[in-house]
Amino acid sequence: MAVLGAGGFIGSHLVPALLARFDCRIDAVDVDLTKLECRDPRVQRIEARVEAAGLVEAVTERCQVVVSLTALCNPAQYSTIPLEVIDASFTHLLPLVKRCAERGVRLVHFSTAEVYGRTALDQHGQPTERMHEDDSCFMLGPVGRERWTYACAKQLLERVIWAHGQHGALPFTIIRPFNTIGPRMDFLPGIDGEGTPRVLACFMNALLRGEPLPLVGGGNQRRAFMDVSDMTEAVCRVLERPKQSLGQIFNLGNPDNDVSIAELGRLLADSFGQLFPERPAAQFRSVSAEEFYGPGYDDTQERIPDVHKAQQLLGWKPQKSLALALPAIVRDYSERYGARVAAAEAAEASAAFKLASSA
Ligand code: UGA
């Protein structure tokens, strides 16, 4: 099989999980495979862009199953580089979908919980608590709110995939991940990336640097976070059960881990404090969305998945509570980045000292 986006956060966890479960050969494709630490000989590492000439043809010739994960999926990018976001989520993936449809290659495509938009609505547009794959309406904000470029591009690709399945012969499954978290998520600004990552990496960055954790709009908005191990298990079950998963869209998330962003910050700070009791207690600061993301940002106040369909058809239920998941994630970030953050801070301090002495 092929995993496109194998060097991303979910891909880097999924490849070893697939090897363990299916003992298969994997074409692992990404522009950057650094995060894919697994060096198993059954994995062919292919450093390429998904839109590179010949890539889709080569992969769909060799593989009977393609898992597609490539996207630009940080909200900070949706309103700063919207055209790249639309290309990565839609334009560049159209040839893949078409080719899979032509050749009958099974496509397991990662869409996003963002497609539901600002809030959960039933078929009549009435508010509901949970977002449902086959019943919920989508509510995206106005075009000027560029936050929704990603959701809209992802939604359109879902509709293309669906149409190829309904009116052609594309064997597909669409996955909508809800705030999956774990080691190797995104990057730390100034260490292994630039810009603003998603909330987990933002908070770990602040904790490691001893800076206050930024709470956008005070941090009352809520998300249901799911450990990445629950995600890889669900994807394995999708692959194992074609009869139950073909032609289906699945929400994959953990409704039991629904917390406010401020609560997530406190839980991470607690885990961090237990690991480093000598460090001063974490601080928090409220920041406006405009200040944090610039113009064009918008947000979802609450995002809880209905996962009954995955439970029924895949026999899957997310297992990991935040109490279990977060300490391991905090430890991994601290081991992975602690020394690099300290070195970067020392270099910054020395540069500032030199500047001050030359002034
Ligand atoms: C993002 C993506 O858009 C989705 O496609 C993806 O499914 C989802 O992450 C995910 O991780 O699975 P969102 O939940 O808004 O959606 O992403 P985050 O950047 O993690 O933000 C979560 C909330 O925390 C937002 O309300 C944001 O404003 C807030 N936030 C973020 C803070 O309060 N402080 C920060 O430092 C960063």
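Trainee: What are H1 and H8 to each other, parallel or oblique?
Mentor: H1 and H8 are oblique to each other, because angles under 35 degrees count as roughly parallel, over 145 as roughly antiparallel, 65 to 115 as roughly perpendicular and the rest as oblique. Helix H1 covers residues 9-22 and helix H8 residues 228-240; their packing angle is about 50° and their axes are 9 Å apart. The axes are lines fitted to C-alpha atoms, for helices over the stretch in contact, with angles from 0 to 180 degrees between N-to-C directions. Please bear in mind that this is a predicted model, in which local features need pLDDT of at least 70 and side-chain atom pairs count only at pLDDT 80 or more, while totals for chains, interfaces and linings use all residues. Residues are numbered from 1 along each chain as its sequence is written, and side-chain values use heavy atoms, with hydrogens and water left out.

Trainee: In which hand does H1 pass H8?
Mentor: The crossing of H1 and H8 is right-handed: a crossing is right-handed if the near helix is turned clockwise from the far one by less than a right angle, and left-handed if anticlockwise.

Trainee: And which residues meet there?
Mentor: On the H1 side they are Phe9, Ile10, His13, Leu14, Ala17, Leu18, Arg21 and Phe22. H8 brings Val228, Met231, Thr232, Glu233, Val235, Cys236, Arg237, Leu239 and Glu240. Contact here means heavy atoms within 4.5 Å. By class, eleven of these residues are nonpolar, two polar and four charged. Ala, Val, Leu, Ile, Met, Phe, Trp, Tyr, Cys and Pro count as nonpolar, Asp, Glu, Lys and Arg as charged, and the others, Gly among them, as polar.

Trainee: What does threonine 180 touch?
Mentor: Not counting residues up to four places away in sequence, threonine 180 touches Phe9, Ile10, Met185, Met226, Asp227, Val228 and Met231. Threonine 180 belongs to strand S7, residues 180-181.

Trainee: Is threonine 180 buried or exposed?
Mentor: Threonine 180 is buried, as its relative accessible area is 5%; buried means under 20%, exposed over 50% and partly exposed in between (1.4 Å probe, protein chains only).

Trainee: Which way does phi point at asparagine 179, positive or negative?
Mentor: Asparagine 179 has a positive phi of about 40°, though it is not a glycine. Most residues other than glycine have a negative phi. Asparagine 179 lies in the loop between strand S6 (172-177) and S7. Aspartate 186, also not a glycine, has a positive phi of about 55°. Aspartate 186 is in the loop between S7 and helix H7 (199-209), and it is buried, with a relative accessible area of 9%.

Trainee: Back to helices. How far apart are the axes of H5 and H6?
Mentor: Helix H5 (residues 94-103) and helix H6 (residues 149-167) have axes 10 Å apart and an angle of about 10°, so they are roughly parallel to each other. Leu94, Val97, Lys98 and Ala101 of H5 make the contact with Leu157, Val160, Ile161 and His164 of H6. That contact has six nonpolar, one polar and one charged residues.

Trainee: Which residues of H5 are buried?
Mentor: They are Leu96, Val97, Arg99, Cys100 and Ala101. Their cover includes strand S1 (2-4), helix H2 (55-62), strand S4 (65-68), strand S5 (106-110) and H6. Glycine 104, with a positive phi near 70°, follows H5.

Trainee: Finally, how many helices and strands does the chain have?
Mentor: There are 13 helices and 13 strands, where helices (H or I, at least four residues) and strands (E, at least two) are DSSP runs numbered from the N terminus. The radius of gyration is 21 Å, close to the 21 Å that the globule rule gives for 359 residues, so the chain is as compact as a globular protein of that length. That radius is taken over C-alpha atoms, and the rule is 2.2 Å times the number of residues to the power 0.38. Of the 359 residues, 53% count as buried.
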